[in-house]
Amino acid sequence: MRYVLPNRCVCCDGAVPARTPDALVCGLCRSRWRPLAPGCKRCGQPCPPVGPCRFCDAWPDALRWVRSAVWLGDEARGVVHHLKYEGYHALVDPMADRIARGRPPGADLLVPIPLATRRARARGYNQAALLANALAERWAIPCDPRFLRRIRETRSQTDLEPTRRHANVRGAFRARGPIRDRAGGRELRIILVDDVLTTGATVAAAAGALRDAGWEWVGAVTFARATPFGVRGMLDAASLLTS
């Protein structure tokens, strides 16, 4: 695809500078990826002034820590779409670069969220696995997809209302048992990797399967996070000021 459309940004179709001929996202569109401000210490979601975080309150205890690099605004959504549905594999590099600005605490092993078998066969690749492999190179952490597998087909989460997403992926994963560090004897810590966090249903279900298999500590990272209504309004206003 790069030979058909050389030096064009996949988000805005603008020219990519000649000094970065292999880039697929121009610097302006990357600058429009909005980072998350500090929020809930567990999940990173913006929190009300008082009270517990309702976003992660029902997650399994094993899921200790989840972080996303940017909000799913228009530019970030375009990157995710081109990677996920149009086979632009090279987009994992700028996505992984942004995630890798912060290393997850205590991470020993990266595990991508697996696709349903039919979807993986039709697509020919798993975008979460591509992203996990790119992060493994940047963080020097092993990546192994064999610790988690999807045991039943599920509908695409994109097609479902938020209230139905948890039911859709409940019981969809099965995990291998934990392993321990040969030197220190402690249980290794898994970091799940996915492209987008929306309601948290998928990472919660995956972490639940790992907990059931005996893992006590699971984290997760994603490139983007779906924007709550209030945050979406602020991002829209900010984009008007910078456009």
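## Gln127 and its neighbours

Leaving aside residues up to four places away in sequence, Gln127 touches Leu83, Lys84, Leu115 and Asp195, where a contact means heavy atoms within 4.5 Å. Gln127 is part of helix H5; helices (H or I, at least four residues) and strands (E, at least two) are DSSP runs, numbered from the N terminus. With a relative accessibility of 3%, Gln127 counts as buried, a label for residues under 20% relative accessible area (1.4 Å probe, protein chains only).

## About the model

This is a predicted model, in which local features need pLDDT of at least 70 and side-chain atom pairs count only at pLDDT 80 or more, while totals for chains, interfaces and linings use all residues. Residues are numbered from 1 along each chain as its sequence is written, and side-chain values use heavy atoms, with hydrogens and water left out.

The protein chain has a mean pLDDT (the predictor's confidence in each residue, from 0 to 100) of 82, and 80% of its residues reach 70 or more. Over residues 229-243 pLDDT stays under 50, and the model has eleven contacts beyond four places in sequence for them. Where pLDDT is low, the predicted coordinates should not be read in detail.

## Aromatic pairs

Let's turn to the rings. Rings of Phe, Tyr and Trp (its six-membered ring) pair if their centres lie within 6.5 Å; planes under 30 degrees apart are stacked, over 60 edge-to-face and the rest tilted. By this rule there are three aromatic pairs. One of them joins Trp33 and Phe223, with ring centres 5.1 Å apart and planes at 80°, so this pair is edge-to-face. Trp33 sits in the loop between helix H1 (27-31) and strand S1 (63-71), and Phe223 in strand S6 (residues 218-225), so the pair ties together parts 190 residues apart in sequence. Both Trp33 and Phe223 are buried.

Phe147 and Trp215 also form an edge-to-face pair, at 5.7 Å centre to centre and 85° between the planes. Phe147 lies in the loop between helix H5 (127-139) and strand S3 (148-150), and Trp215 in the loop between helix H7 (201-212) and S6, 68 residues apart. Phe147 is buried at 5% relative accessible area, and Trp215 is buried too, at 1%. Arg176 lies over the face of Phe147, 4.6 Å from the ring centre; the rule asks for NZ of Lys or CZ of Arg within 6 Å of the ring centre and within 35 degrees of the ring normal.

Note on methods:
Buried < 20%, exposed > 50% of the residue type's maximum accessible area, 1.4 Å probe, protein only.
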